[in-house]
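Hi,

Here is the structure I promised to pass on. Have a look at it first, and then read my notes below.

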Amino acid sequence: MSTHQHHTKDFLFTYVFSTDHKMISKQFLITGFLMGFIGLIMSTLFRLQLGWPGESFEIVELLMGSWQENGVMNPDKYLALVTMHGTIMVFFLLTAGLSGTFSNLLIPLQIGARDMASGFLNMLSYWFFFVSSVIMLISLFVEGGSASAGWTIYPPLSALPQAIPGSGAGMTLWLIAMSIFIVSSLIGSLNYIVTVFNLRTKGMSMTRLPLTIWAFLLTAVLGVLSFPVLLSAALLLVFDRSFGTSFYLSDIYIGGQVLDHSGGSPILFEHLFWFLGHPEVYIVLLPALGITSEIISTMSRKPIFGYRAMIGSMMAIAFLSFIVWGHHMFLTGMNPFLGSVFTFTTLLIAIPSAVKVFNYLTTLWKGNIVFTPATLFSVGLVSTFISGGVTGLVLGNSALDINVHDTYFVIGHFHIVMGLSAIFGMFAGVYHWFPKLFGRMMNNKLGNVHFWFTIVCSYGVFFPMHFLGFAGVPRRYYTFSEFPMFEEMISINEFISIFAIIAMLAQLVFFFNFVYSALRGPKAPMNPWRANSLEWTTPVEHFHGNWYGEIPTVYRWPYDYSKVDSNGDYLYGEDFIPQTTPLGENEKDGGEH
Amino acid sequence: MMTIVVIITAILIVIVGSQLLKIAELKAKSKGELIYEVSEKQGKSQAVILLIFMFGLIGFFFWQMYAWYGLRLPVSASAHGEAIDYLSDVTFLIITPVFLLTHVVLLWFCFKYAYSSKRKALFFSHSNKLETVWTVAPALVLTVLILMGLTSWNEIMTPVPSETEHVLIELTGQQFNWTARYAGDDKKLGRSHVSLIEGVNGTGVDLSDVDAKDDKLVKGEFHLPIGVPVQFVFRSLDVIHSAYLPHFRAQMNCVPGITTQFNFTPTITTEEMRIKVGNDEFNYVLLCNKICGAAHYNMQMDVIVESQEDYDKWLAEQKTLVE
């Protein structure tokens, strides 16, 4: 495919319906961040309610319209907010936003391809995502409000508008939006998989791929195998809601009436949901882990430690992620034997996770670390992955889960691994690959400020939640004030909410830096981080086809940093050796053992 | 009015910020530097901040323990709760040092190995020995946790054998309250179905069923005798709820369409626990712990644990459905 320059006249196909992976990655990024910002505002709103229960706030009055009264939000709308917050953050920001951006940007560039296998499908993948985002936002404005049964939308609560108003039109739109979202995700994932397998340049064997590509590949495989199950769960829910079936419903008395559904079980939904739901969290996390491997290695001027073990551990995580879903369901009433099986598999997943952490630490050891904001966020990911990961050992053990299931302990755990680790990976990726996205550099000082405020305040938000959970405080509670035993914890809520507000404001620093730098930032050099992988061999300016002339041939793995000869001098005179540099006479490729 | 002020302030901040950034870029250029290059000095100051953060994070952890560890639930009020609390302590005794040590290593390395033009990084790409060590060590630890956990889990989830003396209670959740149904002397719960709900018969007990004759429906609070296993059968009338009794280390979803079960033996009476926690208004409580609608945050029922005699007296005062 040769480079074409004739798109300058066609605004619609250059910027709107582009089939160029670089443009599509930016579309995913911006849409993802916009949705993420909305999710962030939602969390700020409900943190206002939790920190100062029942108090009146002008901003609540301003933003929440009929969902509030005198500046105090309605209890069922509190549930709508937490539901939409979860849905938007998990799917729209951390799945589409994270994978969509970086898989699209980096796969062709790092494997040495002109573009994705199908630019057309890629374009569709973005536009389906866009449409699903719009529909999801529209659901906030319908009668009865948006879906309100938690992001996990268990029926019967999500099936019956009589049970909560948001389960009316809002829930219908949620299901439509998610169905379209799933289509977007599947098309994208198929594209990524096919491209990685088929379009690698000469010399780019699978074991010379950067770990980002391995992460994106495994993520795409997870998506292809698990999202369809969510689609089927959603479809059956549509049938129960609109066509009188009873897949999930049986023996219900509500609003003074016995309903006509019989024979179904909500637990069926839970199985189908979590069959996606668990791989989903690894779909969220794996790209972040891949990005961190890349950045820590490059910025420490050292090879990533244990390249093959890193691949192996990602594969183990991916495989195991399919057989642990029941740990979300220990107390659903399913057969306790299943609980035992899932405890076993869940605690197993800790092993490859631990391997990855130790490998990151060993990569840093005796490195020569340059601290850009990307480096800081990658270090932050390792920190939060440890913090959030260890509490998984409590939750994954069924006997211990009895007292912490659905409490704030769980909220602390998953926010630290997703709301912190995964988003840190995304931020790190944006800071690090900004030169490839926009041809300009972000401001480091603002980036450092963004990092420090974010990590300190985020720990301030989520660490205390473990104590709340251990005190028995349930999640999704509008206020703690109805239980004397939770009296003392309202002040902890205030503590958390204050940090949450500051953390939210810190993101404004990032948005300012992002927009300013994209428009007026200093122009980037071709390889600002002195890195080895192929994306840094493409010219700064964007054009279809990525390389003028031939695509480079690859001769070595991407981790030859600080490789020295027997005298201790850098081979080839620099502390990095791009993949395009042929191997020397007696030189062995670092990826070969 | 306030809104306009906020918007104008935001615009001004953006304009000022942009100008400041432009100035910073030009200043760097005038010194012959590139603004986006991290100088050795800048890198080292981030390294110092990372080290401070290490102390800060660890300090924050200990401060939280000091401030909030005392807020955790009191000692388990059920027999099986002891094993759970023990396993919990063991788990935390493992993960806390891991959390602390790995953070010290992480952040100390960041500080120690911050970029210096005088050093070279070490090209150290793999070690099968190290990988084996940190694969096997976690595996061993996890094996212990799994074995302990599953032993407890199996015991806890086994229903009370029917020959054993026990109290049989059906707890029915609905938006937004609980109903307890005591099985009475026949130790059997009468059949029930939502289609039979009417008036006082709030959970649809089949009054024609002989086993239902001595069933007693109780609302607001329910009582348990000390030291006697209680076998719960859970139901829901509308959406999924969850019966959470944190003091007893007990929780089980209430699912419309099926019944679920959980059992425990109370080991501390309400009176005794009031003394233990130093609060004579303390009560055990049953909370809903699965999102169930608007008033999910206030779906509760008190639980009183008392001596066998007090319990018998209380139960005798409760009316059967037939009455």
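To start with chain A: what share of its contacts with a separation of 6 or more comes from residues 24 or more positions apart? The figure is 80%. Keep in mind as you read on that this is a predicted model.

**Chain A**

Chain A is built from 16 helices and four strands. Its C-alpha atoms fill a box of roughly 85 × 50 × 50 Å along the principal axes.

At 1.5 Å a residue, its 23 residues should span 33 Å, and the C-alpha atoms at its ends are 32 Å apart, which agrees. Is this helix mostly buried or exposed? Buried: 23 of its 23 residues are, so helix 12 of chain A is largely enclosed by the rest of the structure.

**Where the chains meet**

Chain A puts 106 residues into the contact with chain B, and chain B puts in 96. On the chain A side, 67 of the residues are nonpolar, 28 polar and 11 charged.

**Chain B**

Chain B is split into domain 1 (41-115) and domain 2 (167-317). Taken over C-alpha atoms, the centres of these two domains are 39 Å apart. Where they touch, domain 1 of chain B gives 10 residues and domain 2 of chain B gives 14. The domain 1 side has six nonpolar residues, four polar ones and no charged ones.

Now find strand 6 of chain B, residues 241-245. Five of its five residues are buried, so this strand is largely enclosed by the rest of the structure. In a regular strand, side chains alternate between the two faces of the sheet. Here, B:His241, B:Ala243 and B:Leu245 lie on one side, B:Ser242 and B:Tyr244 lie on the other, and both faces are covered.

Which strands does strand 6 of chain B pair with? One is strand 7 of chain B (residues 250-254), antiparallel over five bridges, with B:Ser242 opposite B:Asn253. These two strands form a hairpin with four residues between them, and B:Arg249 in the turn has a positive phi of about 55°. Another is strand 9 of chain B (residues 284-288), also antiparallel, joined by two bridges. There, B:Tyr244 has B:Leu287 as its bridge partner.

Happy exploring!

Terms used. Residues numbered from 1 in each chain as written. Chains lettered and ligands numbered in written order. Predicted model: local features only at pLDDT ≥ 70, side-chain atom pairs only at ≥ 80, totals over all residues. Expected span 1.5 Å × (residues − 1). Buried ≥ 20, exposed ≤ 12 C-beta atoms within 10 Å, placed from the backbone. Contact = placed C-beta atoms within 7 Å. Domains from an automatic or database assignment. Nonpolar A, V, L, I, M, F, W, Y, C, P; charged D, E, K, R; others polar. Pairing = 2+ DSSP bridges.
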